[in-house]
Amino acid sequence: MSKRYLLMTFLLALGLSAAAQTPAPQDSAAAAKGGIQSQNILEVKPEVKPDASSDPNYAKQTNAERGRVQPGNNAPMWRGIAAGAEGYSSLPKSQAPEAGVLIQAQVQYPGSRMTTAGEAWRQVRNNWIIPYGGALFLIALGALAIFYFTRGPLGHGAHGGGKIERFTPFERSAHWTNAITFVILAVSGIVMAFGKFFLLPALGLTLFGALTYVLKSLHNFAGPVFAVSLVIVFLTFVRDNFPQRGDLGWLLKAGGVFSKTGYEPPSHRFNAGEKVVFWFGVFLLGAISVSSGLVMDQLVPSLTYPRQTMQIAHMIHSVSALLMMCVFALHIYLGTIGMRGAYQGMRTGHVDAAWAKEHHEYWYDDVVAGKIPAQRSSPAAPAEQVKTA
Ligand code: HEM
């Protein structure tokens, strides 16, 4: 510590103690008026009750009235601010609609106390979404891991019988754009929501802060790409995801997952499980996550973005995104290690006819009967003749 610093500290301490001992000139006069020592509320003597508070209208006083009887007491102003009152701001309303509102008005969300909106949002996020959403996601991952280690991959991975084009290049590129952006969004979302529990202790504040900042920016850019590719994926696959013959039976037998023989009930191009994932995961949760995400990215034209809109959008977005991550954890599991031969179809576009017969028998029958072409993309490479598998 330098000598100059020490000297300044000493002089400051001297000045403060002298000030504390020397009564302010108006001190005695103010004390006679009922305890108000000066404009500085820290100097009001607590043992002397300000007689102004005995006024029957005391609680209803405006800040100006309070200032007259108790100079320096700004409680009505702060009470107004805490209740969400709007004050003056020189910023234009069009750009900063809420600049005059220091503290948001009171509100109660499911799971929060009745309190100021910012605090209510914080309670919902920290007391519910983070612990229970995180637990749900871990339970989903744990269940898949247990299933994998007890039951192993589904299907026999049957080969042969020629190739059927299951996904055209367009369908695959739409799917993979969607899948890649989803994984970016999921990983960055996990770091933003849960990183402080598992990454912060390992990386330290500086690295964790920088990483989260980069991932948050990536999240904001990947979101719109995901939104566009989700619409394309929806339009591309919706035709084959409407309920069809055999879907109910497939669902009732849970796709034969628990049958001893491992026989999968017949289905069309997509089975009922895939259709549930499509309508619940892609369509419903996708629409909710994307629309709330676009609000948070401030990309919805003609919408203003006050804090409460952002807080509500955040709560909706994180709940739907967490549910979506659970649903797609199942989808990604079945599309990779969980089912033999499924990944190959989405990677190369083609599956073996024997695989098609094992997993989508009605679809296979339609291909064999010539109702659905074995090669759909054009210009078509000469497709191998599909033999009866
Ligand atoms: C790493 C991530 C992903 C992997 C490995 C993956 C893998 C697969 C595979 C292998 C298939 C073919 C299934 C079959 O042949 O029936 C498939 C189909 C499909 N995937 Fe993915 N996927 C991923 C992410 C996503 C995401 C994020 C979405 C949408 C939000 C999605 C939507 C679809 C759709 C709509 C289908 C067609 C099946 C249907 O419409 O029911 N996938 N995926």
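Analyst: A crossing of two helices is called left-handed if the near helix is turned anticlockwise from the far one by less than a right angle, and right-handed if clockwise. In this predicted model, α10 passes α11 in a left-handed crossing. The contact of α10 with α11 is made up of 14 nonpolar and 10 polar residues, with no charged ones.

Two packed helices are described by the angle between their axes and the distance between the axes. For α10 and α11 the angle is about 150°, and the axes are 8 Å apart. Angles over 145 degrees count as roughly antiparallel, and therefore α10 and α11 are roughly antiparallel to each other.

Now to the ligand. It is surrounded by 26 residues, and the closest are Ala-179, Phe-182, Glu-274, Gly-335 and Met-346. Two or more residues of this shell come from each of α6 (169-198), α8 (205-237), α10 (272-296), α11 (307-335) and α12 (342-348). The largest share, 6 residues, belongs to α10. By type, the shell around the ligand holds 15 nonpolar, 8 polar and 3 charged residues.

One further residue can be described, Leu-252, which is found in helix α9 (residues 247-252). Leu-252 counts as exposed because it has 10 C-beta neighbours inside 10 Å. Between the C-alpha atoms of Leu-252 and Pro-265 there are 9.9 Å, and these two residues are 13 residues apart along the chain.

Key: Residues are numbered from 1 along each chain as its sequence is written. This is a predicted model: local features need pLDDT of at least 70, side-chain atom pairs count only at pLDDT 80 or more; totals for chains, interfaces and linings use all residues. A residue is near a molecule or strand if its C-beta atom, placed from the backbone, lies within 6 Å of it. Helices (H or I, at least four residues) and strands (E, at least two) are DSSP runs, numbered from the N terminus. Ala, Val, Leu, Ile, Met, Phe, Trp, Tyr, Cys and Pro count as nonpolar, Asp, Glu, Lys and Arg as charged, and the others, Gly among them, as polar. A residue is buried if 20 or more other C-beta atoms lie within 10 Å of its own, exposed if 12 or fewer, and partly exposed in between; C-beta atoms are placed from the backbone. Axes are lines fitted to C-alpha atoms, for helices over the stretch in contact, and angles run from 0 to 180 degrees between N-to-C directions. Angles under 35 degrees count as roughly parallel, over 145 as roughly antiparallel, 65 to 115 as roughly perpendicular and the rest as oblique.
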